[in-house]
Amino acid sequence: MPPEADCRRCRLGEGRISLVLFSGDRDSPVALVGEAPGAQEDRSGVPFVGRAGKILDGLMAEAGLDRKKVMITNTVKCRPPGNRRPRPDEMAACRPFLREELKGKRFVLALGLSAAEDLLGRKMTMKEACNRPALTDLGDGALTIMVTYHPSACIYRPAAKDVLRDALKEASTYL
Ligand code: URA
């Protein structure tokens, strides 16, 4: 079940234009989980259509991963004000919807540390966690979670592109 159209489970509901739910294939074995919608996603209601989305699209194409064949979503479905990171209580309020979206997945790529910490329930550094697949269970059977760079990180850190591209290639092997 997606959130109600007038969801106010957390403060993010007060400022949003759109609820940004997943895009792509609901039944795909692969999901990419970002942090939160930005301004363009809030306007369009579709995840990863702004600047970070363009970077992601380019790297997905290079990795041979078809956007239509995976599910793309975020930890929270409403844009945080000023594009700040979602807070723990906001991610907790939205977690039932994320978990519902991820049911039946075999491989989940966490794009950035917000998604990683939401999915794995602990703090970590990118250095320790990056591109290391971990077999886990979100309550619905075994699946692999891999943490990697958020596409926005590639803007300031060119080396992140190679790491994210490798992670997307790994995701493609689950299709
Ligand atoms: N950044 C994200 O984490 N998600 C989006 O949907 C857009 C930008």
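## Around Arg165

Leaving aside residues up to four places away in sequence, Arg165 touches Leu59, Glu62 and Ala63 in this predicted model. Arg165 itself sits in helix H7, which spans residues 158–172. Its side chain also meets that of Asp162 in a polar contact of 2.9 Å.

Is Arg165 buried or exposed? Its relative accessible area is 17%, and because the cut-off for buried is under 20%, Arg165 counts as buried.

## The largest pocket

Now to the open spaces. The largest pocket holds about 660 Å³ of space. Its lining is made up of 27 residues, and those closest to the pocket centre are Glu35, Ala36, Ala52, His150 and Ser152.

Which helices each supply at least two residues of this lining? They are helix H1 (39–44), helix H2 (51–63), helix H4 (113–120) and helix H6 (153–156). By residue class, the lining of the largest pocket has twelve nonpolar, ten polar and five charged members.

## The second largest pocket

For the second largest pocket, the volume is about 170 Å³. Arg85, Pro86, Pro88, Met91, Arg95, Ser114, Glu117, Asp118, Gly121, Arg122 and Lys123 line this pocket. At least two of the lining residues come from helix H3 (88–101), and at least two from H4.

How do the residues of this lining divide into nonpolar, polar and charged? Six are charged, three are nonpolar and two are polar.

Note on methods: Residues numbered from 1 in each chain as written. Predicted model: local features only at pLDDT ≥ 70, side-chain atom pairs only at ≥ 80, totals over all residues. Heavy atoms only, no water. Helix = DSSP H or I, 4+ residues; strand = E, 2+ residues; numbered from the N terminus. Buried < 20%, exposed > 50% of the residue type's maximum accessible area, 1.4 Å probe, protein only. Polar contact = N/O pair within 3.5 Å; in protein donor to acceptor, adjacent residues only side chain to side chain. Contact = heavy atoms within 4.5 Å. 1 Å grid on protein atoms, 1.4 Å probe; cavity = no way out; pocket = protein on both sides within 12 Å on 5 of 7 lines; lining within 4 Å. Points joined across faces, edges and corners; volume = space filled by probe spheres on them. Nonpolar A, V, L, I, M, F, W, Y, C, P; charged D, E, K, R; others polar.
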